[in-house]
Amino acid sequence: MRISSLNVGSLSLQRGERRLFDHFDLTLRAGEAVSLTGANGAGKTSLLRAVAGLLRPESGAIAFDDASGPLDPEQARAEGLHLVGHHDGLKAG
């Protein structure tokens, strides 16, 4: 399986009592790159964890496509997506 695009639509994410972002949209196609920057606690890692299926968003959609069209998100995550993360240094997971 080769994922050809990632589509994030109107994503809202909250960690604990803190709203990280609302109505976040992003489309990436194969070969494109994006740089996530921001202060500690802004939601960068949480966004990546949501795309990887490790965090459930409050609302919105995360979709993957290959050359033939939409992919089942769980199958795409299992076969074509990898997240190399880090351990939380100061707070519990």
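**Entry 1: the sheet.** I started with the strands and found 4 of them in an open sheet, ordered β2-β1-β3-β4, with antiparallel pairing. I noted that β2 and β4 are the edge strands; each has a single partner strand, so one side of each has no neighbour in the sheet. For the twist I got an average of 30° from one strand to the next. A reminder to myself: this is a predicted model.

**Entry 2: strand pairs.** I went through the pairings one by one. β1 and β2 are antiparallel and share 8 bridges. There I picked out Leu-13, whose bridge partner in β2 is Phe-21. On to β1 (residues 5-15) and β3 (residues 59-66): they are antiparallel too, over 6 bridges. Here I looked up Ser-12, and its bridge partner in β3 is Ser-59. Then I checked β3 against β4 (residues 69-71), where I found 3 bridges and an antiparallel run. Asp-65 is the residue opposite Pro-70 of β4. How many residues does the hairpin from β3 to β4 pass through? I get 2.

**Entry 3: helices.** Next I asked where α1 lies. It sits across β1, β2 and β3, and runs at about 125° to β1. Helix α2 (residues 73-80) also packs on the sheet, but I find it touching β3 and β4, with its direction at about 60° to that of β3.

Entry 4: As general background, nonpolar side chains in soluble globular proteins tend to be buried together.

**Entry 5: Phe-21.** Is Phe-21 buried or exposed? Its relative accessibility is 15%, and the cut-off for buried is under 20%, so I count Phe-21 as buried. Leaving out residues up to four places away in sequence, I see Phe-21 touching Leu-11, Ser-12, Leu-13, Gly-43 and Leu-47.

**Entry 6: aromatics.** I searched for aromatic pairs and the structure gave me 1. It is Phe-21 with Phe-24: the ring centres are 5.4 Å apart and the planes are at 50°, so I filed the pair as tilted. Then I looked up Phe-24 as well, and with a relative accessible area of 26% it is partly exposed.

Terms used
Residues are numbered from 1 along each chain as its sequence is written. This is a predicted model: local features need pLDDT of at least 70, side-chain atom pairs count only at pLDDT 80 or more; totals for chains, interfaces and linings use all residues. Side-chain values use heavy atoms; hydrogens and water are left out. Two strands pair if DSSP finds at least two bridges between them. Contact means heavy atoms within 4.5 Å. Axes are lines fitted to C-alpha atoms, for helices over the stretch in contact, and angles run from 0 to 180 degrees between N-to-C directions. Rings of Phe, Tyr and Trp (its six-membered ring) pair if their centres lie within 6.5 Å; planes under 30 degrees apart count as stacked, over 60 as edge-to-face and the rest as tilted. Buried means under 20% relative accessible area, exposed over 50%, partly exposed in between (1.4 Å probe, protein chains only).
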